[in-house]
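Dear colleague,

I am passing on the structure we spoke about, and below it you will find my notes. Please read them with the model open beside you.

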Amino acid sequence: MFSALGRWAIIRFSIVMDILATMGRAGRSVLSLEGRAAVRAVFMKQIYFTGLEASGIIMTIALILGTVIITQVVSLVGDNGFLTGKILVWVVLRELAPLLTAIVVIARSGTAIAAELGAMKINGEIEALETMGIPSEHYLIFPRVAGVTVSVVILTVYFVLTAFIGSFLIASVGWHVPYEQFIQGILAALGVKEVVVPLFKSVLFGLCTSATCCCFGLSVDRSVTEVPQVATKGVMASLFIVFFMNALVTYLSSL
């Protein structure tokens, strides 16, 4: 039992170190001046795929979530717009917005990144890039990590705005919650911590999930059957990291 537990711990520790090494490789690429135009093109494509194309899904989820929360809150406290606005800040802004945004990005872009890099490695494209003197971390890892991180931050802001606006419209039309009380409740609960913590979570989630999927995608050997396997492992590892980091940051911010 102890040997099995030790092997499990060693494997998990090596995975964490590989992910941190991937993030370090992406960070070193910031100082490089080689192929800025090509890197910028990959970066913009990643933002388009991860951010712009996911905006519709984020908007739909935010509207549904806002509707559910408003319905539950109004059924408990009535047309108390002040308390309703405060609950939206506590629940949507601080917790659900960065978490659900990261989950959507992992489901869409995390799988695609791991599968794409795995297929490129099997087809010998990464070796071809390195043969031409193009570092893989500069052209493949950095623009994807940066693009996913920027997209997660933007989508989180978009999620919050959509949920707040949709919640207000539903509350005002369906239950005639006063506009002034709703805004006062949001402003009363909105402090520096309520802005910094979600932004920090978004940046952290974007960095960790993109680096994790890149790490698993580059870990394939020569078998094409490994591509769906590393994509699945990358998604599951990213989800675990996101939930763990969300709980850790929430706990530390509450101290």
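Three helices, namely helix 1 (2-28), helix 8 (192-217) and helix 9 (226-253), each contribute at least two residues to the lining of the largest pocket, and please keep in mind throughout that this is a predicted model. Helix 1 is the greatest contributor to that lining, with eight residues. The largest pocket has a volume of about 600 Å³, and among the 18 residues that line it, those closest to its centre are Ile15, Val16, Ala237, Phe240 and Ile241. When the lining of the largest pocket is sorted by residue class, 15 of its residues are nonpolar, one is polar and two are charged.

The other point concerns a pair of helices. Two packed helices are described by the angle between their axes and the distance between the axes. The crossing in which helix 4 passes helix 7 is right-handed.

On the side of helix 4, the residues that meet helix 7 are Gly81, Phe82, Thr84, Gly85, Lys86, Leu88, Val89 and Trp90, while helix 7 brings Gln181, Phe182, Gln184, Gly185, Ile186, Ala188 and Ala189 to the contact. Taken by class, this contact between helix 4 and helix 7 holds eight nonpolar residues, six polar ones and one charged residue.

With best wishes

Conventions. Residues are numbered from 1 along each chain as its sequence is written. This is a predicted model: local features need pLDDT of at least 70, side-chain atom pairs count only at pLDDT 80 or more; totals for chains, interfaces and linings use all residues. Side-chain values use heavy atoms; hydrogens and water are left out. On a 1 Å grid over the protein atoms alone, a cavity is a set of points where a 1.4 Å probe fits but cannot get out, and a pocket is an open set with protein on both sides within 12 Å along at least five of seven lines; lining residues have an atom within 4 Å of a point. Grid points are joined across faces, edges and corners, and a volume is the space filled by probe spheres set on the points. Helices (H or I, at least four residues) and strands (E, at least two) are DSSP runs, numbered from the N terminus. Ala, Val, Leu, Ile, Met, Phe, Trp, Tyr, Cys and Pro count as nonpolar, Asp, Glu, Lys and Arg as charged, and the others, Gly among them, as polar. A crossing is left-handed if the near helix is turned anticlockwise from the far one by less than a right angle, and right-handed if clockwise. Contact means heavy atoms within 4.5 Å.
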